[in-house]
Amino acid sequence: MAENLKKHVDETRRSLLKAAAVAGGASLISFVAIDREKLRAVLSPVSLEDVVTEAEAAEAPSELERRAAKKTEEMKKLCRAEAEKLCKAKGENSPECKEARRRCELIKVKATPAKPGTRFAMALDINKCIGCRRCAYACVMENNTDREMGIEWIKVVSVPREELEILNTDWKYKEAPEKEMVYIPMACMHCEDPPCTMVCPVVATFKEPDGIVVVDYDRCIGCRYCITACPYGARRFNWRKPRVPVTELNPNMHILGNVIRQPHVMEKCTWCIQRTRDGGVPACVEVCPVGARVFGDLNDPSSPIRQVMEEYGAFVLKPAAGTRPRFFYYFGPARTPPAKKEKGGGGE
Amino acid sequence: MAKEYGDSFLDTIKYIIDEGLLKGSKAFYLALLGLLLIGAYGMYLWIFVQHAPIFLGSNYGGMITTDLTDSVTWGIYISFFVFWVGVAAAGIVFGIAAYAFGHKGFKKVAVLGEVQAVAALITVLLLIAVDVGRPLRAMILMPQLPNLHSMLDWDFIVISGYLTLNLIGFLVTIHYYRRDLPLPAKFTVPFIIIAAPFAIGIHTVTAFLSQALTARPIWNSPLLAPRYVATAFASGPAILVLALVLAEKYIKGFRVDPDVYKKTMIVIAGALVVGLYFTLSEAHEIYWYTTEPWKKAQANEMIFGYHLPYLAVMYWLWVALGIAAVILTLIPRVRNSRTGMLFIAVLTIIAVVNEKTMSIVIPAYIPDPLGRYIPYYPTPVEYAITLGVHALGILVYLVLAKAAISAIMRHYFQGSGAHH
């Protein structure tokens, strides 16, 4: 009896010790892995679905990307509705209808973030520019700008050669180039200290880390204070619902760039954010028939913009405005050849 | 008269509704109806034409129906916004005279300055509402995501703050006067200490909206804010004088202390002199030697109106009528007669409307930063909406002023205040 009792007591003690050991171990683990979330993940049974969603969360679709995905659907819906109208009018087999349908399916709204360490800039050779306005046209086509209000992000103004003052400009000239005139294409200067972003009452326009000043069309309240603040006349307002023909729609879109705009919001040059963030060049640079424009990363010593600025120097328009533009102008080789043999071989 | 009210604040509000809206002659209701119709038409045009794509999602309409462009982006709405902010700010003149200096005559009518400020600020807020492209989004986003670097947010904050202050001042004054009690010092002293800087503040911040912009050289001068405030102190009191003279004429038994008129006329003339002096100083700075060509081009538009003649007309009207009003104030025979005062007040209001509205806003956009001269003539839609907004402002003024005057009458002309 006594022995039995002792055995029983021993067993009880042993199981108690076992239990204490297990509890101690468990609490040790929980002490080591203080993060409760992690602990739960370790202890609870794991299903494949959970793992997949977690992996997706780790990839972190940013707020902007989520909005871009939604925007893609919205744009497609908008485009399809327009295409439907067009197809009804022109017939199902017409080339316009097919083209419109094709473009609608290709629509993809991106939210490509800025690449760390890049600092975009553009430079324009005033000696080369012939004032043909092809850049303005290419810009309209690339950026899905309204066609009927005549919104152009790039305005080419012509001023007399002897006076480089942006005053009494002619922006409706019919013939170009003329000998005594200088043509100055002006768009957003993507300033280092942009007054437009300072005055925006709702932070709807801001400067991205790579130097591009963008407008968030879903946030703009249309107060037009930024137009008032911009010393370069770079901003455009959608004074009514914009109209873009679906057959000319550019399906390669960026949420901060060329998605189809809403009525009563601001828009402006984004240096073709949908192209440049993916390593391309803006449409105006690509289309310029005389190669007057150079675009690149200021931080990259081998980029064309660095070469141009080192070789020819550069100036900005209206430096007195104090906004430190990142759009430079320079006088290339055509009329003012580089200083003779000072630095050795130049571009020639 | 038969109706009796309790002592609670709710009864004060009942009193205001009764006195302001439910009692009145046929002419009063006719005026209210007319104003309401004009206001409703303006709001209709705003919702169904100018902002149709926003409110109705329609393809037609939009702000394209205005003559605003990417070149001239702020027009008649912002022009009158500037004017009415000034009028609202100057409502404080009576308050300062009454509560800071303890002038008995001004104490009687100080509440009318508050009524004027409330009505002017409601006009101001409506003008912003019709000018902003996406008003609903603005209402949601501005409190949520304010950018404290933006003067527009500060303007919104001080304007709504000043509106609240004046509403409080108005309600409390009526609350005491209707029960035939004088305003206690424990209200008036803190009120005037807070309200006076706020009054100067709203107009200063409104000028700060535009004066720090290098993109608009004609505004880009530290003189802009003082100039705004100076002429505001002419137009605001002038409107008060106009209201007082008319009230004396049409409301039986309502009398204003002659000293109130005398002192107000001095304020008007003084403010006009300062404003005219600033105009002279500005012209000297631009024209005497040389200046930045862009600034000079904008000044040329303002003073000579090469592309927009009405700007020059307004500018010279301001100079001429401003000088005329000052000279007339200096003549005692004109200054001391009711008709003379009325005339000077109207002259001053017209002069300052010409100085404050279009001729201060539009030249900054012509030429624009691209050197273009794109003229701006408000379209019928803009005129109608502006008119509608003003009708609503006047409506508010009439209702509140009527309640205020009846409370003043109760305390000062029928009650204990009469013996002061």
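In which crossing does α5(B) pass α9(B)? Let's take that helix pair first, and then tour the rest of this predicted model.

## Two helix pairs in chain B

α5(B) passes α9(B) in a left-handed crossing. Helix α5 covers residues 92-100 of chain B and helix α9 covers residues 185-211, and the two pack at an angle of about 150° with their axes 10 Å apart. By class, the contact of α5(B) with α9(B) holds nine nonpolar and two polar residues, and no charged ones.

Another pair to look at is helix α13 (residues 309-330) with helix α15 (residues 338-356), also in chain B. Here the axes are 8 Å apart and the angle is about 150°. Angles over 145 degrees count as roughly antiparallel, so α13(B) and α15(B) are roughly antiparallel to each other. The crossing of α13(B) past α15(B) is left-handed. On α13(B), the contact residues include Met314(B), Leu317(B), Trp318(B), Leu321(B) and Leu328(B). Among those on α15(B) are Ile344(B), Leu347(B), Ile350(B), Ala351(B) and Glu355(B). The contact of α13(B) with α15(B) counts 11 nonpolar residues, four polar and one charged.

## Where the chains meet

How many residues does each chain bring to the contact between chain A and chain B? Chain B gives 38 residues and chain A gives 39 residues. On the side of chain B that touches chain A, at least two residues come from each of α3 (52-55), α7 (135-144), α8 (151-177) and α12 (293-303).

Chain A has 348 residues, of which 38% are buried. Its secondary structure consists of 11 helices and 11 strands. Taking contacts in chain A between residues at least 6 apart in sequence, 66% join residues at least 24 apart.

The chain is divided into domain 1 (63-110) and domain 2 (120-330). Their C-alpha centres lie 27 Å apart. Domain 1 of chain A puts 20 residues into the contact between them, and domain 2 of chain A puts in 11 residues. On the domain 1 side, α4 (63-90), α5 (95-106) and β1 (108-110) of chain A each give two or more residues. α4(A) gives the most to that side, with 10 residues. The domain 1 side divides into 12 nonpolar and eight charged residues, with no polar ones.

## A closer look at Thr118(A)

Thr118(A) sits in the loop between β1 and β2 (120-125) of chain A. Why does Thr118(A) count as partly exposed? Thr118(A) has 19 other C-beta atoms within 10 Å, whereas a buried residue needs 20 or more.

Leaving aside neighbours within four places in sequence, Thr118(A) is in contact with Asp210(A), Asp297(A) and Asn299(A). The C-alpha atoms of Thr118(A) and Leu298(A) are 7.2 Å apart, although these residues are separated by 180 residues along the chain.

Definitions and conventions:
Residues are numbered from 1 along each chain as its sequence is written. Chains are lettered from A and ligands numbered from 1 in the order in which they are written. This is a predicted model: local features need pLDDT of at least 70, side-chain atom pairs count only at pLDDT 80 or more; totals for chains, interfaces and linings use all residues. Two residues are in contact if their C-beta atoms, placed from the backbone, lie within 7 Å. Helices (H or I, at least four residues) and strands (E, at least two) are DSSP runs, numbered from the N terminus. Domain bounds come from an automatic or database domain assignment. Ala, Val, Leu, Ile, Met, Phe, Trp, Tyr, Cys and Pro count as nonpolar, Asp, Glu, Lys and Arg as charged, and the others, Gly among them, as polar. A residue is buried if 20 or more other C-beta atoms lie within 10 Å of its own, exposed if 12 or fewer, and partly exposed in between; C-beta atoms are placed from the backbone. Axes are lines fitted to C-alpha atoms, for helices over the stretch in contact, and angles run from 0 to 180 degrees between N-to-C directions. Angles under 35 degrees count as roughly parallel, over 145 as roughly antiparallel, 65 to 115 as roughly perpendicular and the rest as oblique. A crossing is left-handed if the near helix is turned anticlockwise from the far one by less than a right angle, and right-handed if clockwise.
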